[in-house]
Amino acid sequence: MSEYQVITADDDVQRDGTIKLHGPEGFEGMRKAGRLAADILDATVELVEPGVTTESIDAAIRGMMLDAGAVPATLGYRGYTHSSCISINHVICHGIPSEKTLKEGDIVNIDVTPLLDGWHGDTSRMFFAGEPPLKAKKLVDVTYECLMLGIEAASKPGARLGDIGAAIEAHARQYRYGVVREFCGHGLGRLFHDAPEVVHAAKAGTGPELKPGMFFTIEPMINLGKPWGKVLKDGWTAVTRDKSLSAQFEHSLGITEDGIEIFTESTKGLHQPPYA
Ligand code: MF3
Ligand code: CO
Ligand code: CO
């Protein structure tokens with residue numbers, strides 16, 4: 001049994017395991033934070049090319065957040081010291097920006113979370129450095145489809161949380177791709193990571209019912225090989241155990257009376273690569 005808690009804009013929100021149900025102020029706040037997050041990824045498109053360092057991209061992202069009056073929610077989060085996560089090729093998630101340069105044919109996930117006026121906009125997309133191999137591009141296409149199928153499942157009346165993972169897993173399985181289990185989507189709003197956990201491989205009809213006012217992310221990580229991952233000694237970088245390529249897309253979402261609102265959709269139509 002999940003507990004729900006109705007939130008008004010000035011409540012002191014705790015990470016107490018309850019699923020928060022937000023009102024119009026919450027939607028307004030998430031719209032602005034989500035729009036900023038999406039705009040930042042739109043502006044990141046032209047920065048991604050072979051030869052650039054991931055820390056230069058991170059610095060540009062930090063600048064865009066600060067210029068917009070936001071702060072990077074990741075900065076100082078559990079000891080993380082960067083403004084984005086940049087995950088290349090076999091890195092599943094939480095890649096740390098560094099002096100490492102992008103190479104021709106890399107597939108790259110960039111994940112940003114500006115905190116704007118107390119609300120978190122969390123989104124990621126894949127980017128191509130140059131022209132990746134066909135099998136990498138196929139993985140990226142199918143991972144985007146997985147995200148959108150998860151969103152579609154969540155938008156149906158009476159949907160339950162498990163319907164999301166069921167839709168994602170069913171699609172990935174058709175290509176024999178592995179769905180990562182170790183990292184999940186999450187509730188968010190005033191908090192960065194809150195209940196519920198949104199698992200990306202689940203059974204339809206299970207889990208809490210999706211109710212209007214719920215805010216959460218869907219962020220499937222899909223591997224070309226086996227689903228298993230491990231975290232490197234730096235304590236953050238999650239990689240595929242079999243070194244196969246991994247892709248991810250993430251949106252922040254709100255359940256409405258009659259469906260779902262995507263807070264982090266690109267206003268420029270830059271939904272998936274290639275963006276040119
Ligand atoms: N943005 C990530 C997510 O989608 C979380 C990154 S936490 C960090 O939930 F500390 F690694 F940046
Ligand atoms: Co997230
Ligand atoms: Co994220």
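User: In the lining of the second largest pocket, how many residues are nonpolar, polar and charged?

Analyst: This is a predicted model. The second largest pocket is lined by Thr54, Ile86, Ile88, Asn89, His90, Val91, Gly95, Ile96, Ser98, Lys100 and Thr237. Gly counts as polar here. By class, that lining comes to 4 nonpolar, 6 polar and 1 charged residues.

User: What is the volume of the second largest pocket?

Analyst: Residues such as Thr54, His90 and Thr237 are among those lining the second largest pocket. The space there has a volume of about 180 Å³.

User: Which residues are closest to the centre of the largest pocket?

Analyst: The largest pocket holds about 600 Å³ of space. Its lining has 27 residues. Closest to the centre are His94, Phe183, Cys184, His186 and His193.

User: Which strand supplies the largest share of the lining of the largest pocket?

Analyst: Two strands each supply at least two residues of this lining: S11 (185-187) and S12 (194-198). The largest share is 4 residues. That share comes from S12.

User: How does the lining of the largest pocket divide by class?

Analyst: Take the 27 lining residues of the largest pocket. Sort them into nonpolar, polar and charged.

User: Which residues of H2 meet H1, and what classes make up the contact?

Analyst: On the H1 side, the residues are Ile40, Ala43 and Thr44. They meet Ile57, Ile61, Met64 and Met65 in H2. By class, the contact has 6 nonpolar, 1 polar and no charged residues.

User: Are H3 and H4 roughly parallel or roughly antiparallel to each other?

Analyst: H3 (residues 134-154) and H4 (residues 161-174) have axes 8 Å apart. They pack at an angle of about 150°. Angles over 145 degrees count as roughly antiparallel. H3 and H4 are therefore roughly antiparallel.

User: Is the crossing of H3 and H4 left-handed or right-handed?

Analyst: H3 and H4 meet through residues including Val142, Leu149 and Ala153 in H3, and Ile164, Ala167 and His171 in H4. By class, their contact has 9 nonpolar, 2 polar and 2 charged residues. The crossing is right-handed.

User: How many cavities of 30 Å³ or more are there, and which element gives the most to the lining of the largest cavity?

Analyst: The count comes to 3 cavities of 30 Å³ or more. The largest cavity holds about 50 Å³ of space. S9 (123-128) and H3 each give two or more residues to its lining. With 3 residues, the most comes from S9.

User: How do the residues lining the largest cavity divide by class?

Analyst: The lining of the largest cavity is Thr123, Ser124, Arg125, Tyr144, Leu147, Phe249, Glu250, His251, Ser266, Leu270 and His271. The lining divides into 4 nonpolar, 5 polar and 2 charged.

Conventions:
Residues are numbered from 1 along each chain as its sequence is written. Chains are lettered from A and ligands numbered from 1 in the order in which they are written. This is a predicted model: local features need pLDDT of at least 70, side-chain atom pairs count only at pLDDT 80 or more; totals for chains, interfaces and linings use all residues. Side-chain values use heavy atoms; hydrogens and water are left out. Contact means heavy atoms within 4.5 Å. On a 1 Å grid over the protein atoms alone, a cavity is a set of points where a 1.4 Å probe fits but cannot get out, and a pocket is an open set with protein on both sides within 12 Å along at least five of seven lines; lining residues have an atom within 4 Å of a point. Grid points are joined across faces, edges and corners, and a volume is the space filled by probe spheres set on the points. Axes are lines fitted to C-alpha atoms, for helices over the stretch in contact, and angles run from 0 to 180 degrees between N-to-C directions. Angles under 35 degrees count as roughly parallel, over 145 as roughly antiparallel, 65 to 115 as roughly perpendicular and the rest as oblique. A crossing is left-handed if the near helix is turned anticlockwise from the far one by less than a right angle, and right-handed if clockwise.
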